[in-house]
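Hello! Here is the structure I promised to pass on to you. Have a look at it first, and then read my notes below.

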Amino acid sequence: MENRNKLFLLLMVLQCLLVGTGANPTGSKQSFFGRHPAQCGYEGCPRVKENMLNVHLVAHTHDDVGWLKTVDQYYYGSRSSIQKAGVQYILDSVIQELLKDVTRRFIFVESAFMQKWYLEQTEEMREIVKNLVNEGRLEFIGGAWSMNDEASVHYQSVIDQFTWGLRFLNDTFGECGRPKAGWQIDPFGHSREQGSLFVQMGYDGLFQGRLDFQDKSNRIAQQTMEMMWKTSDSLENSELFTSGLYYIYAPPPGFCFDVLCNDDPFIDGPYSKDNNVKEKVSDS
Ligand SMILES: [Zn+2]
């Protein structure tokens, strides 16, 4: 469970040009103090171009709700000698970056941290965040209190902690706060029952990270990293779109620009003699 309290790039490169910027911080044409008509969910996805490979780039994070440090230590960033991790700073900076560009997207998982952060915000910031959620630019995935283990827990505890997290999202953000995808990228192994619970809770899909290494290499060879998973023998319509992440939660080699990483930055200055765009693109 190495923690990675930082932004990682899920998929490389682009084609997500939602046009139209407004004069207010959310980029909407309406005031961010008024509630926007919901454009979340699939309605909020960037328009795709026909006859092209459309690749979406989605920044994400996974934050352990207590592991090497306590929940508060993770949230506030204390005890950094144990681990450099401060979730509050992720949310602070992500919101500011989302506001700079309407095409940016961010997905967030653990409602325990979202609730902690949200409670500390001003009314104005809460409205800004609600509007980002309504516009589909900030999206919750998973959305349980934490990203639960799948091996040693009882199914009832899974349901309980999903109930608690989803209730917070629903009470706070309404329909646009409802996660559509499961996001179990750090549990060490996966259970069929967890998949079945996602189906029964109304999720449309599931992303996993830590596949068995033989299963994973076979899937890569067979091009079956994505599948329709039959999650139950006894329930009808139990199929769930399920996908495994290629690098778990890490960026591709050479693309980690976090403060904890040593990869070279992406230098795209058109007049810089150190411009390395071509090199980066061809290396990837
Ligand atoms: Zn973890």
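**A helix across a sheet**

Helix α6, residues 192-200, lies across β5, β6, β7 and β8, and its direction makes an angle of about 120° with β8. Please keep in mind as you read that this is a predicted model.

What do those strands build? The four strands form an open sheet with mixed pairing, and their order is β5-β6-β8-β7. At the edges are β5 (181-184) and β7 (226-230), each of which pairs on one side only. From one strand to the next, the twist averages 25°.

Strand β6 (residues 205-208) pairs with strand β8 (residues 239-244) in the parallel sense, over four bridges. To find one spot on screen, pick G205: its bridge partner in β8 is F241.

**One residue to look at**

Now go to L138, which lies in strand β4 (residues 138-140). Is L138 buried or exposed? L138 is buried, because 27 other C-beta atoms lie within 10 Å and the cut-off for buried is 20 or more. Leaving aside neighbours within four places in sequence, L138 is in contact with L98, F106, F108, V129, L132 and V133. L138 and I107 are 31 residues apart in sequence, yet their C-alpha atoms are 5.9 Å apart in space.

**The whole chain**

The chain has eight helices and eight strands. Of its 284 residues, 29% are buried. Among contacts between residues at least 6 apart in sequence, 70% join residues at least 24 apart.

Enjoy exploring!

Technical notes
Residues numbered from 1 in each chain as written. Predicted model: local features only at pLDDT ≥ 70, side-chain atom pairs only at ≥ 80, totals over all residues. Helix = DSSP H or I, 4+ residues; strand = E, 2+ residues; numbered from the N terminus. Buried ≥ 20, exposed ≤ 12 C-beta atoms within 10 Å, placed from the backbone. Contact = placed C-beta atoms within 7 Å. Pairing = 2+ DSSP bridges. Axes fitted to C-alpha atoms, helices over the stretch in contact; angles between N-to-C directions.
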